[in-house]
Amino acid sequence: MNVFELRIIKREIKATYDRYIEKKDSLENITRFFNIPIDTTRTKDYHITKIDLDLPSITLHDNGTQTTYDAIYTHTAELLNYSHYEPNFISLVSQTSDYKIESLYYIGEVNPIIEKLTINQEEYSLEFEKEFPNQNSFFLNDTVQLTIRYLQQIELDNKNVSQQLLTKIYSESFNNSFEQIYTYGNDYIPKNDSQDKYSYIVGNNVIYGISELKQKDTHTILRGICFEGLNGSLIDYFPYKMYPENYQDLHDDSTLSAMLFSGTTENTRHILEIYKNNENINIKYSKADIIKKLTLPTLNEGKISSKEIKLIISELKTNYKDEFINLVSYELTSFIRKINAKNGLSDKDDELNPKLLINIPLTEIANFVCDNKEKMFMLMSEQFENASHISSTNEIPLPHLQDSLKKCITDYENSPQKKI
């Protein structure tokens, strides 16, 4: 916003405030310049405790809800780590005894660019950060995204810092969506096991990736990418240090689906490639330069199905008994869950799943979390513990898995697709 436009707005704010003092205008007409929401049925509950018409800025207190609003016109967008040489933003902070909501707007706009809700419990915090679509030249964005962070406040070198423990992200636009979950994110404390996983739904296909999974005690590292169906560019979805040109069958026109994993256990290198075509499911496992191959039948036409992935897991754990395959089996089970969720067969809902909360206003999320505070912080604590102690949570008992596969194997045995 240029200086001339800002000067006009300042004059309008001053004229409105002068009329308000003379009881010739409403409080609502002042607060709308700062995007402060008020309940017009109880305006007597609101009091301006401070106002600066030169900045401009305002502090408003609501005695009814015990909420304080601080708004200022500024050139700094702290929520986006951005600063401009001219004032272009309104920064609004709404605070109660239970939570704080920070909102950032372009001057003259009524819809926020980004908002962040913070709720504290002792040294821990929950943050809910929501980014909104906008067409402004500073931050072009066609998606809506909700990020949930679980943090711990610690003292480091005589300074208070926030250590990220667990972060969950969900964004959507048109027919596509993106999810990510990762541990840590900064390094103020010693790490246990760590992981960074993501998934896309592109068209009607799930893409599930493991950017990196590390087990501290066993020195195990795993990366992987699973494609329910193959279409369009693949390179955009590959995790760090995995490259599509290294997997020749991925580019074969007959390949319908692919699941690729790479990693190390101690000093042993592992590469697992799984491809489905119309005829077979082909598995190639390379461990310390020893290559083993396995061919499985397909159970259905077209791209890979949950039943086929279950069959793959069973065969992998039967034929290749090692820790790397245990980890891969767990990730393939996660891939199944992603496919099932996309098809409307979701597991038990996570109350702090950003996908479920993305369309709920932050004030409603704040009230829900504060009403269930112990439970919500315990939930995030348990999720972080599971994510940072992978070895104790990722084992899939084979007998239980085989029981769950009985029906799909029986279906295959009775299927005309059975291979001789």
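User: Quick one to start. What does "partly exposed" mean here?
Analyst: It covers relative accessible area between two limits: under 20% is buried and over 50% is exposed. E212 has 23% relative accessibility, so E212 counts as partly exposed. Keep in mind that this is a predicted model.

User: And R223, buried or exposed?
Analyst: Buried. R223 has 11% relative accessibility.

User: What do the side chains of E212 and R223 form?
Analyst: A salt bridge, at 2.4 Å from N to O. E212 is in strand β14 (residues 205-215) and R223 in strand β15 (residues 220-227), 11 residues apart.

User: Which residues are joined by salt bridges that share partners?
Analyst: E102, K116, E127, E129 and R149 make one network.

User: How many salt bridges in the whole structure?
Analyst: The search finds 22.

User: What does E331 pair with?
Analyst: K197. Their closest N and O atoms are 2.7 Å apart.

User: Switching to rings. How many aromatic pairs?
Analyst: There are 13. One of them is Y184 with F384: centres 5.7 Å apart, planes at 85°, so it is edge-to-face. Y184 sits in the loop between β12 and β13, and F384 in helix α7, so the pair ties together parts 200 residues apart in sequence. Y184 is buried at 1% relative accessibility, and F384 is buried at 9%.

User: What about Y285 and F324, how do those rings sit?
Analyst: Stacked. The centres are 6.1 Å apart, with 5° between the planes. Y285 belongs to strand β18 and F324 to helix α4. Both residues are buried.

User: Which rings form a cluster?
Analyst: F178, Y198, Y200 and Y237, linked by ring pairs.

User: Where does the charged end of R32 sit?
Analyst: Over the ring of F33, 4.6 Å from its centre. R337 also lies over a ring face, that of Y330, at 5.9 Å from the ring centre.

User: Last topic, confidence. Which element has the lowest mean pLDDT?
Analyst: Helix α8 (residues 398-413), at 42. Strand β2 has the highest, at 98. The chain averages 90. Over residues 395-413 the pLDDT is below 50. Where pLDDT is low, predicted coordinates should not be read in detail.

Methods:
Residues are numbered from 1 along each chain as its sequence is written. This is a predicted model: local features need pLDDT of at least 70, side-chain atom pairs count only at pLDDT 80 or more; totals for chains, interfaces and linings use all residues. Side-chain values use heavy atoms; hydrogens and water are left out. Rings of Phe, Tyr and Trp (its six-membered ring) pair if their centres lie within 6.5 Å; planes under 30 degrees apart count as stacked, over 60 as edge-to-face and the rest as tilted. Helices (H or I, at least four residues) and strands (E, at least two) are DSSP runs, numbered from the N terminus. Buried means under 20% relative accessible area, exposed over 50%, partly exposed in between (1.4 Å probe, protein chains only). A charge sits over a ring if NZ of Lys or CZ of Arg is within 6 Å of the ring centre and within 35 degrees of the ring normal. pLDDT is the predictor's confidence in each residue, from 0 to 100. Contact means heavy atoms within 4.5 Å. A salt bridge is a side-chain nitrogen of Lys or Arg within 4 Å of a carboxyl oxygen of Asp or Glu.
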